[in-house]
Amino acid sequence: MPARLDRIDLKMLRLLQNNGRLSNAELAETVAISPATCHRRTQRLFEDGFIAGVRAMIAPKKVAKGTLVMVGVVLDRSTPESFATFEQAITRLKFVLDCHLVAGDFDYFLKIRVGDMEDFNRIHGEQLIALPGVRQTRTFFVMKEVVDNAPLEF
């Protein structure tokens, strides 16, 4: 843990991670500091990059994106240029929630949300396999989400 974080900062981070809608007054009261001090500390946590952002977590099924798909991608070459080209292209695909460069049998793992198998089949055929440098993909349809977006433990 960086020395710049004291026990109050850590408690604030944990509380905000579990409930990003806490008001400054509620957060201040919970960590036993004044609202002004709490506001300054929260701003510093943002400025120093400890809090990367705040957003609502949308229920995928409610917006017709209930099917979760993991896709392993193998590129035709393992060069910095081919990785850079693929990464630039994948960032333009809004249906890709996560893209991770990995070690092992695949070069990348993608996390994708779609409406259903037919939706994924269309996206796969029209966009995924057309990405630059893609030699092979392997698709994994998630049957059950056991842990998803769990809070960081620190």
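**Briefing: cores, helix contacts and ring pairs**

Leu128 lies in helix H5. In this predicted model, Leu128 is buried, with a relative accessible area of 2%. Leu128 is also one of the residues that touch the most other members of the largest nonpolar core.

**The largest nonpolar core**

- This core has 20 residues, and Val71, Val73, Phe86, Leu110, Ile112, Leu128 and Leu131 are the ones that touch the most other members.
- At least two core residues come from each of strand E1 (67–75), helix H4 (80–90), strand E3 (108–114) and helix H5 (117–128).
- Apart from this core lies another one, of 13 residues, which includes Leu5, Ile8, Ala28 and Ile33.
- With neighbours within four places in sequence left aside, Leu128 is in contact with Val71, Leu93, Phe95, Leu110, Ile112, Phe120, Ile123 and Val134.
- Asp105 is 23 residues from Leu128 along the chain, and the C-alpha atoms of the two are separated by 18 Å.
- Phe86 counts as buried because its relative accessibility is 0%.

- Helix H1 (residues 7–18) and helix H3 (residues 35–47) have axes that come within 11 Å and cross at roughly 75°.
- H1 and H3 are therefore roughly perpendicular to each other.
- On the H1 side, Ile8, Asp9, Met12, Leu13 and Leu16 meet Cys38, Arg41, Thr42, Arg44 and Leu45 of H3.
- The contact of H1 with H3 is made up of 6 nonpolar, 1 polar and 3 charged residues.
- H2 packs against H3 at an angle of about 100°, and their axes are 9 Å apart.
- H2 is therefore roughly perpendicular to H3.
- From H2, Asn24, Leu27 and Ala28 meet Pro35, Cys38, His39 and Thr42 in H3.
- In the contact of H2 with H3 there are 4 nonpolar and 3 polar residues, and no charged ones.
- Thr42 lies in helix H3 and is listed in the contact with H1 and in the contact with H2.
- Setting aside neighbours within four places in sequence, Thr42 is in contact with Met12, Leu16 and Leu27.
- Thr42 counts as buried because its relative accessibility is 13%, under the 20% limit.

**Aromatic pairs**

- The structure holds 5 aromatic pairs.
- The rings of Phe86 and Tyr108 have centres 4.5 Å apart and planes at 35°, so this pair is tilted.
- Phe86 in helix H4 and Tyr108 in strand E3 are 22 residues apart, and the pair links these distant parts of the chain.
- Tyr108 is buried, with a relative accessible area of 1%.
- The rings of Phe106 and Phe140 have centres 6.4 Å apart and planes at 85°, so this pair is edge-to-face.
- Phe106 lies in the loop between strand E2 (96–101) and E3, and Phe140 in strand E4 (residues 134–141), so the pair ties together parts that are 34 residues apart in sequence.
- Phe106 is buried, with a relative accessible area of 11%, whereas Phe140 counts as partly exposed at 36% relative accessibility.
- Phe83, Phe86 and Tyr108 are linked into a cluster by ring pairs.

- Most residues other than glycine have a negative phi.
- Ala32 is not a glycine, yet has a positive phi of about 60°.
- Ala32 is found in the loop between helix H2 (24–31) and H3, and counts as exposed at 69% relative accessibility.
- Asn149, also not a glycine, has a positive phi of about 55°.
- Asn149 is found in the segment after E4 and is exposed, with a relative accessible area of 53%.

Notes
Residues are numbered from 1 along each chain as its sequence is written. This is a predicted model: local features need pLDDT of at least 70, side-chain atom pairs count only at pLDDT 80 or more; totals for chains, interfaces and linings use all residues. Side-chain values use heavy atoms; hydrogens and water are left out. A nonpolar core is a set of buried Ala, Val, Leu, Ile, Met, Phe, Trp, Tyr and Cys residues joined through side-chain atoms within 4.5 Å. Buried means under 20% relative accessible area, exposed over 50%, partly exposed in between (1.4 Å probe, protein chains only). Helices (H or I, at least four residues) and strands (E, at least two) are DSSP runs, numbered from the N terminus. Axes are lines fitted to C-alpha atoms, for helices over the stretch in contact, and angles run from 0 to 180 degrees between N-to-C directions. Angles under 35 degrees count as roughly parallel, over 145 as roughly antiparallel, 65 to 115 as roughly perpendicular and the rest as oblique. Contact means heavy atoms within 4.5 Å. Ala, Val, Leu, Ile, Met, Phe, Trp, Tyr, Cys and Pro count as nonpolar, Asp, Glu, Lys and Arg as charged, and the others, Gly among them, as polar. Rings of Phe, Tyr and Trp (its six-membered ring) pair if their centres lie within 6.5 Å; planes under 30 degrees apart count as stacked, over 60 as edge-to-face and the rest as tilted.
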